[in-house]
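Okay, thanks everyone for coming. Let me put the model up on the screen, and then we'll walk through a few parts of it.

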Amino acid sequence: MKKALYPLYLLIHPIDGYEELKYKKRFSVSISFVIILLFFFGEVFRFQYYGFGYNPNDPKDLNILFILARTVLLFILWSLSNWLFCSLTEGKGFFREVWAASAYALTPYVLITYAVTIVSNVVVLEEIAFINYLSFIGMFWSVVLMLVAMKTIHEYSLSKVIFTLILTLAGIAVVLFLIALSLTVYQQVFDIFRTMVNEILYRL
Amino acid sequence: MMTALNLQSAYAFAPYNGYTYDPNQKSVPSLNGYEPTRLIMSHDIGVSDMKSPKDFFVSESLGRIYILDSGNGRVIILNAQYALEKTITRFTYQAKETALNNPSSIFVTDAGEIYVADTANNRVLKMDDSGRIEKIIVKPQTDMYPANVAFEPLKILVDKSDNIYILIKGLYQGTLVLTGSGEFSRFYASAKVIPTIEVLNGMFWRLFMTKEQKEAQPDYVPTEFSGFDIDNEGFIYTVTQDKTTQMTLKKFNALGKSIAMNNDAFGDLESQYDRENIVTQFIDVNVEENFFVDTLDLTRGRVFRYDQDFNLLFIFGGPGGTQLGTFKTPAAVDNLGEDILVLDSDLASITVFSPTEFGRKVNTAISLYNSGDYLDAIEPWEEIVRLNENYSLAYKGIGDGLFMTGRYKEAMDNYRLANDKESYLRAFREYRNIVVRQSFPVIFAAVLLILLFVTVGRMLLKVRGRKR
């Protein structure tokens with residue numbers, strides 16, 4: 001099977017798919033990058049082009065950086081945090097594997113985001129419930145794939161998968177907290193230096 | 001071209017820049033709907049200087065303006081051309097002379113009976129226009145009236161069946177309603193305490209407080225109404241100064257139930273406009289004969305004009321008081337015909353606002369639209385859009401007109417501009433029905449053809465297979 005179509009095979013055969021991914025190295029980093037890019041563009045696409053009648057967002061409020069942060073940055077944090085914590089808890093996965101497996105797990109969510117956004121433009125109010133179910137299924141299947149991926153990549157039992165999952169999320173939270181903290185601290189430090197320079201300039 | 005020039009020159013006269021709020025509640029520039037055209041001060045009328053007039057009443061049926069000159073304890077009556085008709089300086093009750101002490105509200109019935117809330121004297125007076133007092137209404141003798149609240153009437157109005165509605169300082173039970181003879185009738189329409197985060201937080205900490213601490217805390221009592229008015233159908237419109245109550249502007253029926261409104265954000269909406277913190281404190285409300293609603297903001301001296309459905313139409317006026325059209329202490333708002341009058345109690349003046357060409361167009365379009373004349377309203381709405389692209393109400397109007405005529409696609413585009421999702425989906429349903437119905441034969445034929453090809457192809461393959 002071609003490498004580019006492998007994520008689609010994984011969609012339907014998660015358990016076999018991830019085992020082959022790990023032990024036969026049937027993954028490619030470039031395809032994972034494509035999926036992450038599609039993930040990001042899908043979110044932007046949905047923000048702007050979701051059926052007008054159901055789209056709570058004002059197109060004028062689009063903030064690309066914010067969407068970038070909650071897709072790409074979050075993904076990077078996820079794989080980093082997961083890899084770090086799983087290395088500590090006897091996980092067998094390499095960072096490349098964690099990265100690719102996580103990206104491949106996003107496929108159903110990404111595909112359904114595009115589908116839902118397009119279809120939401122041609123449905124009336126009574127039919128929007130089906131669209132909502134569909135997007136729920138996409139999200140749910142991605143979560144299932146992610147769990148299977150973690151289980152296979154790190155050779156874990158299910159309970160350990162859930163344990164490391166919680167650790168990973170906690171790790172992400174800590175990193176985000178540190179980012180926010182350092183931003184405010186640096187801003188204040190910067191402010192101090194700026195006022196000092198200004199003060200000196202006035203005195204000169 | 002002519003219109004553009006007119007608007008341009010008119011624009012320059014108003015000391016404020018028009019703005020309005022778009023459907024996402026962000027402020028956008030807009031044309032001025034009303035402009036100050038005239039200032040009426042004591043010397044224009046030809047009376048000695050007014051001292052902090054607190055209220056005025058415009059009676060369109062009598063063609064008179066009654067100014068309550070609170071500081072001097074008199075009532076000045078003007079005719080509809082703003083010329084002096086009469087002043088009432090002497091008040092007599094049963095041949096005895098009496099005086100007003102800091103009165104704060106005046107109401108005149110269609111029959112010409114004048115009601116004055118004589119605040120510091122704790123009474124309400126009913127008199128004719130020669131100053132002869134017919135009736136003095138004092139604190140009603142009833143257990144319902146809380147004993148610790150003095151009878152200090154702040155605002156007053158009288159309905160068609162002579163019931164007297166009084167807003168009383170410090171009375172949280174609601175508006176006091178008295179019968180025509182001054183008997184207690186009921187409390188009406190109290191403003192409720194809405195459990196905001198702040199209130200809930202306060203209640204939580206109260207659980208751990210000692211009695212002394214609790215007593216030192218402010219009580220969470222309903223906000224008092226700061227002004228009210230009655231329309232031709234007997235509905236009462238109230239305003240409060242406190243924005244946190246979500247009762248800023250309300251409409252009540254005769255039973256005191258508030259009427260549901262599709263809009264509940266009134267006054268200035270953003271916390272930041274002009275890089276200043278905005279707190280809107282409505283001090284008075286006026287309902288016009290055709291049910292337009294004007295509310296007056298004390299802090300920024302602005303009038304917010306709403307239509308019958310409480311859609312924001314115009315914002316005009318401003319803070320200051322040094323220029324025509326700005327105010328120091330706006331106290332009351334009323335309308336005379338299409339003009340809107342604002343009384344400033346510090347400046348002791350009445351400012352007359354007249355609609356601009358744009359304002360007049362919006363008023364006519366709204367009137368047509370709200371009387372159900374969606375088709376006739378399209379044309380004025382389209383002119384309004386030409387003058388002011390930011391006026392989202394116009395797109396809704398055009399959309400409704402087009403929807404009625406069955407031009408669903410165009411209606412959808414207009415609803416989209418108005419950000420009216422509900423109407424958009426309504427139009428979209430119709431539009432999709434039409435598209436599906438029109439393209440159904442094509443789709444059906446295509447499906448049939450494909451099926452035909454497939455079956456024929458299969459049969460051919462089978463035949464070939466058998467031959468082999």
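**Chain B: interface and strands**

So, let's start where the chains touch: 8 residues of chain B are in contact with 6 residues of chain A, and contact here is C-beta atoms, placed from the backbone, lying within 7 Å. On the chain B side, helix α9 (residues 421–467) gives the largest share, 6 residues. Helices here are DSSP runs of H or I, at least four residues, and strands are runs of E, at least two, numbered from the N terminus. Sorted by class, that side of chain B has 4 charged, 3 nonpolar and 1 polar residues. For the classes, Ala, Val, Leu, Ile, Met, Phe, Trp, Tyr, Cys and Pro are nonpolar, Asp, Glu, Lys and Arg are charged, and the others, Gly among them, are polar.

Quick housekeeping before we go on. This is a predicted model, where local features need pLDDT of at least 70 and side-chain atom pairs count only at pLDDT 80 or more, while totals for chains, interfaces and linings use all residues. Residues are numbered from 1 along each chain as its sequence is written, with chains lettered from A and ligands numbered from 1 in the order in which they are written.

Now, strand β15 of chain B, residues 164–168: how many of its residues are buried? The count is 5 of 5, where buried takes 20 or more other C-beta atoms within 10 Å of the residue's own, again placed from the backbone. Both faces are covered, with B:I164, B:I166 and B:I168 on one side and B:Y165 and B:L167 on the other.

What about the neighbours? Strand β14 (residues 153–158) of chain B runs antiparallel to β15(B), joined by 5 bridges; pairing needs at least two DSSP bridges. B:V158 sits opposite B:I164 there. That hairpin has 5 residues between the strands, and B:D162 takes a positive phi near 65°.

Then there's strand β16 (residues 175–178) of chain B, antiparallel to β15(B) over 3 bridges. Here B:Y165 has B:V177 as its bridge partner. This hairpin has 6 residues between the strands, with B:G170 at a positive phi near 80°.

Last stop: an open antiparallel sheet of 4 strands in chain B, in the order β4-β5-β6-β7. Its edge strands, each pairing on one side only, are β4 (55–59) and β7 (84–88). In chain B, β4(B) and strand β5 (residues 64–69) run antiparallel with 5 bridges between them, and B:D55 stands opposite B:L68.

Methods:
Two residues are in contact if their C-beta atoms, placed from the backbone, lie within 7 Å. A residue is buried if 20 or more other C-beta atoms lie within 10 Å of its own, exposed if 12 or fewer, and partly exposed in between; C-beta atoms are placed from the backbone.
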